[in-house]
Structures are given as structure tokens and as C-alpha cells.
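Dear colleague,

Please find the structure below, handed over for your files. My findings follow directly after it.

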Amino acid sequence: MVGKNCFAIASDRRLGVQLQTVATDFQRVFKIHDKLYIGLSGLATDVQTLYQRLVFRHKLYQLREERDMKPQTFASLVSALLYEKRFGPYFCQPVIAGLGEDNEPFICTMDCIGAKELAKDFVVSGTASESLYGACESMYKPNMEPEELFETVSQALQASVDRDCLSGWGGYVLVVTPTEIQERG
Amino acid sequence: MAGAMDLPPKGGFSYDYCRRNAMLADKGLKMPGFLKTGTTIVGLVFQDGVVLGADTRATEGPIVADKNCEKIHFMAPNIYCCGAGTAADTEAIWSARSFNFTVMQLVVNHEFYQGHVSAALVLGGVDVTGPHLHTVYPHGSTDTLPFATMGSGSLAAMSVFESQYKEGLTREEGIQLVADAIRAGIFNDLGSGSNVDVCVITKGKTEYLRNHQLPNPRTYVSSKGYSFTKGQTEVLYTKITQLKPKVEVTEGDAMEE
């Protein structure tokens with residue numbers, strides 16, 4: 001979700017096999033660089049594989065270009081990587097959030113074959129996504145400060161996750177501003 | 001992680017997960033749905049050029065995933081293309097450029113994708129020989145027409161065109177007719193919605209009127225909104241990392257002997 005010169009990215013912590021819970025501290029939000037994060041929902045093995053491939057590509061980029069990737073470029077990279085597997089896709093929907101040029105927040109989500117969907121307010125993915133659409137739609141306000149953004153994102157996440165059996169066990173919220181990163185569990 | 005250590009592949013599709021995905025499907029894991037642009041896209045030729053129009057809704061099953069997506073894509077300064085079908089496919093197709101797009105689409109869609117890539121396009125442009133409007137179907141066939149509609153809302157839009165189209169429309173009439181056709185699609189088709197995007201291409205000038213009409217404004221917002229007080233959410237741990245400005249590498253002076 002986008003706030004005023006900042007963004008928040010959040011996920012739940014459950015890892016399950018259909019209805020059985022396997023872990024309650026599963027990490028789904030990963031750092032690509034200080035101002036770029038990707039959250040991956042879906043099949044856990046694809047989440048981890050895709051994250052490792054993306055970190056690899058970003059490190060190559062850093063070596064070649066001697067700078068970090070811009071969020072828009074990274075989103076195109078993820079989209080291309082997913083579309084390569086068009087006929088045997090990763091079972092994974094990413095949510096990308098970053099601060100671009102002039103610390104302008106950038107968020108986007110994709111389906112599992114890489115169709116980018118940019119938004120100015122919020123993006124959601126996962127098993128509780130329908131519920132999240134509703135919660136974010138009503139709780140979102142433009143230009144929120146980081147503190148208020150954190151509260152809004154957490155409340156929307158908790159409300160939706162509570163209505164979904166396959167998600168839960170707490171949340172992990174990351175709020176990134178131009179000067180600091182706040183991680184809260 | 002042997003796969004990740006290889007150089008990035010040169011391009012084209014990789015089919016290495018097909019068998020794995022089939023095995024997972026057998027075990028009961030449903031493939032996540034693709035983002036579709038169940039759509040209304042239209043184009044018509046008027047006296048000086050071409051007008052293209054599209055709605056702005058992207059759906060994921062029955063849910064609206066994006067209320068304001070862009071379906072009119074830039075191909076060349078005088079050629080624009082609207083896409084219907086699976087969103088990733090239309091985005092991939094329009095990003096693969098070539099000289100003669102219509103022939104390229106025909107070859108690519110027919111020989112290679114064979115209809116599996118479900119993308120239907122309305123392509124319009126103006127060149128030295130005049131304005132042109134083409135449609136490309138998922139299996140690769142193309143049509144050249146004075147007015148065309150594609151997508152789930154195509155019947156609603158075509159009914160508007162068939163009753164009101166005439167040769168030699170002016171620019172204003174063309175835009176009005178396209179907007180009327182898209183609105184017919186928006187209000188009568190469930191897969192199309194939100195706003196109207198219009199693109200007018202004439203010799204030497206192209207105007208992309210994004211959100212030309214907004215017939216579906218958001219009127220259900222509560223004026224107060226939700227306000228959460230600080231500390232309302234229970235927090236187990238907090239970790240704050242300060243972001244240091246990156247060290248800049250500048251060219252150094254030559255070392256003194």
C-alpha cells in the first residue's frame with residue numbers, strides 16, 4: 001500500500017499443506033535492495049526458487065551497472081521471468097513495492113504468468129485476496145503518514161486473514177520511507 | 001541451485017515446469033487463474049485517421065483486479081494496438097516489435113502460439129497510404145475493416161457501430177461514436193467496466209485520451225474513512241534500520257608520482 005513518500009508491504013506467516021499448518025514463521029516478503037521489496041504468495045517452493053533467481057539477476061545487474069535496479073525495471077524483469085514459463089508457470093503471484101526516483105513509491109502485482117498490474121493505492125495477492133481487496137478498498141486513504149499507514153495495513157491484513165482459513169499466524173509488516181525501514185511483527 | 005547459476009536464457013519459452021505442473025495438478029493443486037482482460041475494444045476509421053477505444057477493467061475470475069488498467073498500447077508513434085484476452089499474452093505480444101505488425105502477428109499467432117496464447121487485438125495506424133484498421137484473432141487470422149470490435153463486449157459495441165457508423169465521419173463524431181460503443185460494452189457486459197480510454201491517430205499526430213470518460217466514479221466512499229489510532233495494532237517486535245545514503249564513487253585524480 002502506498003502512503004506519502006513511503007510504502008508498506010505485509011504478509012501473513014503461515015505455511016501450510018492444504019489444511020495442515022507446517023510452519024508459523026514463513027517469510028514471504030524478501031528484500032532485493034534497501035528500497036525494493038518483493039512479496040511472493042503461492043506455492044512455497046516456487047516462492048523460494050523465484051526469490052533466489054531474482055536475487056541472482058539483481059546481483060548480476062548490480063555488478064554490471066554499479067547501481068541498484070529501479071522498481072519499474074525490476075517489475076519488468078519479474079514479468080519477463082514469469083512469462084518465460086507461460087506454458088508451465090510458477091505457481092506464484094508477486095507483489096512488488098519500492099521507492100523509485102525521487103523516492104516516489106511504486107507498487108505493482110502480477111498474476112502467475114507475469115501480467116503487470118500497476119496501481120496508485122494498493123495491490124494484493126494470495127488466498128485471501130478477495131477479502132483483502134474489500135478491506136483495503138474501504139480502509140485506504142491517500143497520503144497517509146508512515147505511522148498511520150502501518151496501522152491501516154495491519155488492520156486490513158488482520159481483518160482479511162481472519163476470514164481465511166489458509167492464512168494466519170500473525171503478520172509481518174515492513175514500512176519503508178526514504179530515511180528508514182521499519183519492520184514489525 | 002544449478003539452474004540459477006546458468007546465464008540468463010536468451011529468450012523464448014521454457015517448458016521445464018510443464019511435467020511438474022501436471023503432476024501437481026494430479027495431486028489436486030489448482031493452477032492460479034490468469035489475469036484476463038474480458039474487454040470491449042473498438043476501432044474505427046474516420047476521414048483523417050483512426051480512433052481506437054477500450055474499457056479499463058482487468059478481471060481475475062469474477063473479481064476486478066484492476067479498475068483502471070491500460071489496454072491501448074503504443075507500438076510506433078503512428079500505430080497503436082488494443083488487446084483483449086489474457087493480459088500477459090497481450091503485453092508480451094505488443095512488446096515484441098517488428099516492421100509490419102500485421103504479418104508478424106499472423107505468423108506468430110498461427111505458427112507458433114497456435115491459439116494457446118489467447119490474445120485478440122485491434123490494431124490501428126496511419127501511414128503514407130492512409131488510415132488502416134486491422135483485427136488479429138488468437139489463432140492468427142486478420143481482417144481489415146472500416147470499423148471493428150473485439151472482446152467480450154464486442155457484440156454490444158458492434159450494435160452501436162452498425163447503427164451509427166457512416167463514411168466520412170469527423171474527428172468529434174468519431175470520438176463520440178467510439179465512446180458510445182465502449183460505454184455500451186461497459187454497461188452491458190460484465191467483463192468490461194470502469195472508464196473509457198480513447199486514442200486518436202491522424203497523419204502526423206497521435207492523441208491518447210486516457211480516461212476520456214469516467215462513467216463509473218467511486219461514490220461509495222465514506223467521507224470520514226477509517227482512522228486508526230497509533231498503537232491500535234498489537235506489535236510483537238519492532239526493528240528500525242536507518243537508511244544511509246549510498247557512497248558515491250567519483251573519478252579520482254591521477255596519482256601524483
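In this predicted model, helix 5 of chain B (residues 154–164) and helix 6 of chain B (residues 171–188) have axes that come within 7 Å and cross at roughly 145 degrees. The crossing of these two helices is right-handed. On the side of helix 5 of chain B, the contact is made by Ala156(B), Ala157(B), Val160(B), Phe161(B) and Gln164(B). Helix 6 of chain B meets them with Leu177(B), Val178(B), Asp180(B), Ala181(B), Ala184(B), Gly185(B) and Asn188(B). By residue class, this contact comprises eight nonpolar residues, three polar and one charged.

I turn now to chain A. Its secondary structure consists of four helices and ten strands, and along the sequence these elements of chain A follow the pattern β-β-β-β-β-α-α-β-β-β-α-α-β-β.

As to overall dimensions, the C-alpha atoms of chain A fill a box of roughly 45 × 40 × 25 Å along the principal axes. The radius of gyration of chain A is 16 Å, which agrees with a compact globule, because a globule with 185 residues would have a value near 16 Å.

Of the 185 residues of chain A, 62% count as buried. Among contacts in chain A with a separation of 6 or more, 58% are between residues 24 or more positions apart. Chain A exposes about 7,500 Å², and carbon and sulfur atoms supply 48% of that area.

With kind regards

How values were computed: Residues are numbered from 1 along each chain as its sequence is written. Chains are lettered from A and ligands numbered from 1 in the order in which they are written. This is a predicted model: local features need pLDDT of at least 70, side-chain atom pairs count only at pLDDT 80 or more; totals for chains, interfaces and linings use all residues. Side-chain values use heavy atoms; hydrogens and water are left out. Axes are lines fitted to C-alpha atoms, for helices over the stretch in contact, and angles run from 0 to 180 degrees between N-to-C directions. A crossing is left-handed if the near helix is turned anticlockwise from the far one by less than a right angle, and right-handed if clockwise. Contact means heavy atoms within 4.5 Å. Ala, Val, Leu, Ile, Met, Phe, Trp, Tyr, Cys and Pro count as nonpolar, Asp, Glu, Lys and Arg as charged, and the others, Gly among them, as polar. The radius of gyration is taken over C-alpha atoms; the globule rule is 2.2 Å times the number of residues to the power 0.38. Buried means under 20% relative accessible area, exposed over 50%, partly exposed in between (1.4 Å probe, protein chains only). Accessible areas come from the Shrake-Rupley method with a 1.4 Å probe; for residues, only the protein chains shown count as cover.
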